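Visitor: I would like to go through this model with you. Could you take my questions in turn?

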Amino acid sequence: MAALPPADGDLDSMPDDEDNCPLNANVEQLDYDADGQGDACEPDVLLAS
Ligand SMILES: [Ca+2]
Ligand SMILES: [Ca+2]
C-alpha cells in the first residue's frame, strides 16, 4: 500500500503532526509564548501584551 500523504486539515502545508494549530491555516507557525500552541488558535496570546 502506498503511504498516504500527511494529513493537513487546514491546508497550510504543515502536516497536522507538526502543525501547532491543525485547525487554522498558519504557514509561519507563529507561537508567541512558545507553549506549542500556535498563535492562530490561541486567541488569548493576542490579548496579552
Ligand atoms: Ca495550521
Ligand atoms: Ca502559543
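Visitor: Where is the place of leucine 11 relative to H1?

Guide: This is a predicted model. The protein has one helix and zero strands, and H1 covers residues 44–47. Leucine 11 belongs to the segment before H1.

Visitor: What is the phi of leucine 11 near?

Guide: Leucine 11 is a residue other than glycine, and its phi is positive. The value is near 60°.

Visitor: What is the phi of glutamine 29 near?

Guide: Glutamine 29 also lies in the segment before H1. Its phi is positive, in a residue other than glycine. The value is near 55°.

Visitor: Which residues is glutamine 29 in contact with, leaving aside its neighbours within four places in sequence?

Guide: Glutamine 29 has 14 other C-beta atoms within 10 Å and is therefore partly exposed. Across eleven residues of sequence, its C-alpha is 9.4 Å from that of glutamate 18. With neighbours within four places left aside, the contacts of glutamine 29 are Met14, Asn20 and Gly38.

Visitor: Why is alanine 40 buried?

Guide: Alanine 40 is found in the segment before helix H1. The threshold for a buried residue is 20 or more other C-beta atoms within 10 Å. Alanine 40 is buried because its count within 10 Å is 23 other C-beta atoms.

Visitor: Which residues does alanine 40 touch, not counting those up to four places away in sequence?

Guide: Ten residues away along the chain is leucine 30, with a C-alpha separation from alanine 40 of 7.6 Å. Not counting residues up to four places away, alanine 40 touches Cys21, Asn24 and Asn26.

Visitor: How far apart in space are glutamate 42 and aspartate 31, C-alpha to C-alpha?

Guide: Glutamate 42 lies in the segment before H1. Glutamate 42 and aspartate 31 are eleven residues apart in sequence, and the C-alpha to C-alpha distance is 8.8 Å.

Visitor: Is proline 6 buried or exposed?

Guide: Proline 6 is found in the segment before H1. It has 12 C-beta neighbours inside 10 Å, and the exposed class takes in 12 or fewer, so proline 6 counts as exposed.

Visitor: Which residues is proline 6 in contact with, leaving aside its neighbours within four places in sequence?

Guide: The C-alpha atoms of proline 6 and aspartate 16 are separated by 7.3 Å, at ten residues apart along the chain. With neighbours within four places left aside, proline 6 is in contact with Pro15, Asp16 and Asp17.

Visitor: For the protein, what share of the contacts with a separation of 6 or more is between residues 24 or more positions apart?

Guide: The protein has 49 residues, and buried residues make up 12% of them. Among contacts with a separation of 6 or more, the share from residues 24 or more positions apart is 0%.

Key. Residues are numbered from 1 along each chain as its sequence is written. Chains are lettered from A and ligands numbered from 1 in the order in which they are written. This is a predicted model: local features need pLDDT of at least 70, side-chain atom pairs count only at pLDDT 80 or more; totals for chains, interfaces and linings use all residues. Helices (H or I, at least four residues) and strands (E, at least two) are DSSP runs, numbered from the N terminus. Two residues are in contact if their C-beta atoms, placed from the backbone, lie within 7 Å.
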